[in-house]
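Please work through the exercises below with the model open beside you, trying each task before reading its solution.

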Amino acid sequence: MKYFLDSLGWTVFWGVVLTLILYNVVKYAFQ
Amino acid sequence: MMDFIQLGIGRWLHIAAGVMWIGLLYYFNFVQVPALAAAGKDNTGAGITKHVAPRALFWFRWAAVATWLLGALLLGKNFFNAFLFLNHAFYAIGVGAWLGTIMLFNVWVLIWPNQQKILGMVQATDEEKAKARRVAFLASRTNTLLSIPMLFFMAAAGHQGIFFG
(Lines give C-alpha, C1' and ligand atoms only; values in the text may rest on other atoms or scores of the structure.)
Protein backbone atom coordinates (compact mmCIF):
# COMPACT_ATOMS: atom_id res chain seq x y z
CA MET A 1 0.00 0.00 0.00
CA LYS A 2 2.81 2.38 0.87
CA TYR A 3 4.54 1.47 -2.39
CA PHE A 4 1.38 2.19 -4.35
CA LEU A 5 0.85 5.58 -2.76
CA ASP A 6 4.51 6.54 -3.04
CA SER A 7 4.99 5.79 -6.69
CA LEU A 8 2.26 4.40 -8.90
CA GLY A 9 -0.39 6.46 -7.17
CA TRP A 10 1.47 9.65 -8.10
CA THR A 11 2.19 8.39 -11.60
CA VAL A 12 -1.50 7.85 -12.22
CA PHE A 13 -2.38 11.15 -10.53
CA TRP A 14 -0.02 13.16 -12.75
CA GLY A 15 -1.09 11.13 -15.78
CA VAL A 16 -4.69 12.23 -15.20
CA VAL A 17 -3.60 15.84 -14.58
CA LEU A 18 -1.60 15.83 -17.83
CA THR A 19 -4.60 14.36 -19.66
CA LEU A 20 -6.85 17.17 -18.42
CA ILE A 21 -4.31 19.86 -19.34
CA LEU A 22 -3.82 18.48 -22.86
CA TYR A 23 -7.56 18.01 -23.26
CA ASN A 24 -8.21 21.66 -22.51
CA VAL A 25 -5.34 22.80 -24.74
CA VAL A 26 -6.73 20.85 -27.69
CA LYS A 27 -10.34 21.79 -26.97
CA TYR A 28 -9.90 25.52 -26.38
CA ALA A 29 -6.45 26.92 -27.13
CA PHE A 30 -6.20 25.36 -30.59
CA GLN A 31 -9.67 26.21 -31.85
CA MET B 1 -11.01 -2.30 -49.20
CA MET B 2 -9.31 0.77 -47.71
CA ASP B 3 -12.25 1.15 -45.35
CA PHE B 4 -11.77 -2.42 -44.25
CA ILE B 5 -8.10 -1.74 -43.51
CA GLN B 6 -8.83 1.63 -41.91
CA LEU B 7 -11.84 0.73 -39.83
CA GLY B 8 -11.60 -3.05 -39.67
CA ILE B 9 -8.52 -5.20 -39.58
CA GLY B 10 -5.96 -2.36 -39.58
CA ARG B 11 -7.40 -0.60 -36.59
CA TRP B 12 -8.00 -3.94 -34.88
CA LEU B 13 -4.35 -4.97 -35.30
CA HIS B 14 -3.15 -1.55 -34.14
CA ILE B 15 -5.25 -1.83 -30.99
CA ALA B 16 -4.31 -5.50 -30.36
CA ALA B 17 -0.59 -4.69 -30.66
CA GLY B 18 -1.13 -1.65 -28.44
CA VAL B 19 -2.87 -3.78 -25.81
CA MET B 20 0.13 -6.12 -25.78
CA TRP B 21 2.57 -3.21 -25.49
CA ILE B 22 0.77 -1.26 -22.79
CA GLY B 23 -0.36 -4.46 -21.04
CA LEU B 24 3.27 -5.49 -20.63
CA LEU B 25 4.20 -1.92 -19.63
CA TYR B 26 1.65 -2.13 -16.82
CA TYR B 27 2.94 -5.61 -15.96
CA PHE B 28 6.45 -4.17 -15.53
CA ASN B 29 5.28 -1.20 -13.46
CA PHE B 30 2.49 -2.72 -11.41
CA VAL B 31 3.79 -6.30 -11.04
CA GLN B 32 7.44 -6.95 -11.88
CA VAL B 33 9.10 -3.90 -10.29
CA PRO B 34 7.36 -4.36 -6.91
CA ALA B 35 7.85 -8.15 -7.18
CA LEU B 36 11.61 -7.79 -7.73
CA ALA B 37 11.81 -5.28 -4.88
CA ALA B 38 10.18 -7.86 -2.60
CA ALA B 39 12.30 -10.70 -4.04
CA GLY B 40 15.46 -8.70 -3.37
CA LYS B 41 14.85 -9.07 0.34
CA ASP B 42 15.07 -12.88 0.30
CA ASN B 43 17.04 -13.39 -2.96
CA THR B 44 14.24 -15.13 -4.87
CA GLY B 45 14.16 -12.92 -7.96
CA ALA B 46 16.51 -14.97 -10.16
CA GLY B 47 13.72 -16.86 -11.92
CA ILE B 48 11.96 -13.63 -12.84
CA THR B 49 15.07 -12.00 -14.29
CA LYS B 50 16.19 -15.17 -16.06
CA HIS B 51 12.95 -16.57 -17.49
CA VAL B 52 10.22 -13.93 -17.33
CA ALA B 53 11.80 -10.51 -17.93
CA PRO B 54 13.58 -11.36 -21.25
CA ARG B 55 10.39 -12.85 -22.72
CA ALA B 56 8.25 -9.96 -21.49
CA LEU B 57 10.77 -7.48 -22.95
CA PHE B 58 10.78 -9.30 -26.29
CA TRP B 59 7.02 -8.96 -26.77
CA PHE B 60 7.04 -5.50 -25.18
CA ARG B 61 9.54 -3.88 -27.54
CA TRP B 62 8.28 -5.52 -30.75
CA ALA B 63 4.65 -4.85 -29.89
CA ALA B 64 5.70 -1.19 -29.51
CA VAL B 65 7.15 -1.19 -33.04
CA ALA B 66 4.12 -2.98 -34.49
CA THR B 67 1.75 -0.56 -32.78
CA TRP B 68 3.59 2.49 -34.10
CA LEU B 69 3.91 1.17 -37.66
CA LEU B 70 0.26 0.14 -37.81
CA GLY B 71 -0.70 3.54 -36.41
CA ALA B 72 1.37 5.25 -39.12
CA LEU B 73 -0.32 3.02 -41.72
CA LEU B 74 -3.74 4.02 -40.41
CA LEU B 75 -2.85 7.72 -40.63
CA GLY B 76 -1.65 7.10 -44.19
CA LYS B 77 -1.79 10.31 -46.20
CA ASN B 78 -2.85 12.17 -43.05
CA PHE B 79 0.42 11.31 -41.28
CA PHE B 80 1.70 14.89 -41.44
CA ASN B 81 -1.74 16.37 -40.76
CA ALA B 82 -1.56 14.58 -37.43
CA PHE B 83 2.09 15.00 -36.47
CA LEU B 84 2.39 18.63 -37.61
CA PHE B 85 -1.12 19.63 -36.43
CA LEU B 86 -1.92 20.92 -39.90
CA ASN B 87 -5.62 20.11 -39.77
CA HIS B 88 -8.04 20.76 -36.94
CA ALA B 89 -9.64 17.34 -37.38
CA PHE B 90 -6.33 15.65 -36.55
CA TYR B 91 -5.40 17.55 -33.38
CA ALA B 92 -6.58 14.81 -31.03
CA ILE B 93 -4.93 11.93 -32.87
CA GLY B 94 -1.87 14.16 -33.35
CA VAL B 95 -1.44 14.50 -29.59
CA GLY B 96 -1.99 10.74 -29.20
CA ALA B 97 0.50 9.98 -31.97
CA TRP B 98 3.16 12.24 -30.45
CA LEU B 99 2.72 10.66 -27.03
CA GLY B 100 2.97 7.19 -28.58
CA THR B 101 6.09 8.22 -30.50
CA ILE B 102 7.78 9.56 -27.36
CA MET B 103 6.89 6.28 -25.65
CA LEU B 104 8.38 4.23 -28.52
CA PHE B 105 11.57 6.30 -28.20
CA ASN B 106 11.68 5.56 -24.47
CA VAL B 107 11.28 1.83 -25.13
CA TRP B 108 14.07 1.50 -27.68
CA VAL B 109 16.51 4.21 -26.59
CA LEU B 110 16.16 4.20 -22.80
CA ILE B 111 14.44 1.03 -21.55
CA TRP B 112 15.75 -1.75 -23.80
CA PRO B 113 19.51 -0.88 -23.92
CA ASN B 114 19.53 -0.38 -20.15
CA GLN B 115 17.54 -3.57 -19.48
CA GLN B 116 20.13 -5.48 -21.51
CA LYS B 117 22.79 -4.28 -19.05
CA ILE B 118 20.60 -5.02 -16.02
CA LEU B 119 19.78 -8.54 -17.20
CA GLY B 120 23.37 -9.33 -18.19
CA MET B 121 22.74 -9.60 -21.95
CA VAL B 122 25.34 -6.85 -22.35
CA GLN B 123 28.51 -6.58 -20.24
CA ALA B 124 28.33 -3.84 -17.61
CA THR B 125 30.04 -2.99 -14.34
CA ASP B 126 28.03 -2.87 -11.12
CA GLU B 127 28.13 0.91 -11.27
CA GLU B 128 26.83 0.91 -14.86
CA LYS B 129 24.11 -1.53 -13.86
CA ALA B 130 22.98 0.69 -11.01
CA LYS B 131 22.75 3.66 -13.38
CA ALA B 132 20.99 1.56 -16.02
CA ARG B 133 18.47 0.39 -13.43
CA ARG B 134 17.63 3.98 -12.53
CA VAL B 135 17.28 5.19 -16.15
CA ALA B 136 15.21 2.18 -17.23
CA PHE B 137 12.95 2.53 -14.21
CA LEU B 138 12.34 6.25 -14.78
CA ALA B 139 11.69 5.77 -18.52
CA SER B 140 9.27 2.94 -17.78
CA ARG B 141 7.47 4.95 -15.12
CA THR B 142 7.32 7.95 -17.48
CA ASN B 143 5.71 5.76 -20.14
CA THR B 144 3.11 4.62 -17.61
CA LEU B 145 2.33 8.26 -16.91
CA LEU B 146 2.21 9.16 -20.62
CA SER B 147 0.02 6.15 -21.42
CA ILE B 148 -2.87 7.81 -19.58
CA PRO B 149 -3.21 10.89 -21.85
CA MET B 150 -2.06 8.77 -24.84
CA LEU B 151 -5.00 6.36 -24.41
CA PHE B 152 -7.39 9.26 -23.86
CA PHE B 153 -6.38 10.99 -27.12
CA MET B 154 -6.28 7.75 -29.11
CA ALA B 155 -9.82 6.90 -27.98
CA ALA B 156 -11.04 10.50 -28.14
CA ALA B 157 -9.88 10.81 -31.76
CA GLY B 158 -12.49 8.22 -32.72
CA HIS B 159 -15.18 10.12 -30.85
CA GLN B 160 -14.18 13.68 -31.48
CA GLY B 161 -17.69 15.04 -31.56
CA ILE B 162 -18.17 14.06 -27.94
CA PHE B 163 -14.87 15.41 -26.62
CA PHE B 164 -14.01 18.27 -28.91
CA GLY B 165 -17.32 19.17 -30.52
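**The end of a helix**

Just after α4(B) in this predicted model, Gly120(B) adopts a positive phi of about 80 degrees.

**Exercise 1.** Describe the course of α4(B), asking how far α4(B) reaches from its first C-alpha to its last and where α4(B) bends.

*Solution.* Begin with the length: α4(B) contains 28 residues and reaches 39 Å from its first C-alpha to its last, which is close to the 40 Å expected at 1.5 Å a residue. Then follow the axis to Ile111(B), where α4(B) bends by about 35 degrees, and note that a proline, Pro113(B), follows within four residues.

**Exercise 2.** Work out which helices of chain B each supply at least two residues of the side that touches chain A.

*Solution.* Start from the contacts, in which 13 residues of chain B meet 13 residues of chain A. On the side of chain B that touches chain A, at least two residues come from each of α1 (2-42), α4 (91-118) and α5 (126-157) of chain B, and the largest share, 6 residues, comes from α5(B). Sorted by class, this side of chain B has 10 nonpolar, 2 polar and 1 charged residues.

Note on methods: Residues are numbered from 1 along each chain as its sequence is written. Chains are lettered from A and ligands numbered from 1 in the order in which they are written. This is a predicted model: local features need pLDDT of at least 70, side-chain atom pairs count only at pLDDT 80 or more; totals for chains, interfaces and linings use all residues. Two residues are in contact if their C-beta atoms, placed from the backbone, lie within 7 Å. Ala, Val, Leu, Ile, Met, Phe, Trp, Tyr, Cys and Pro count as nonpolar, Asp, Glu, Lys and Arg as charged, and the others, Gly among them, as polar. The expected span of a helix is 1.5 Å times one less than its number of residues. The bend at a residue is the angle between axes fitted to the seven residues ending there and the seven starting there.
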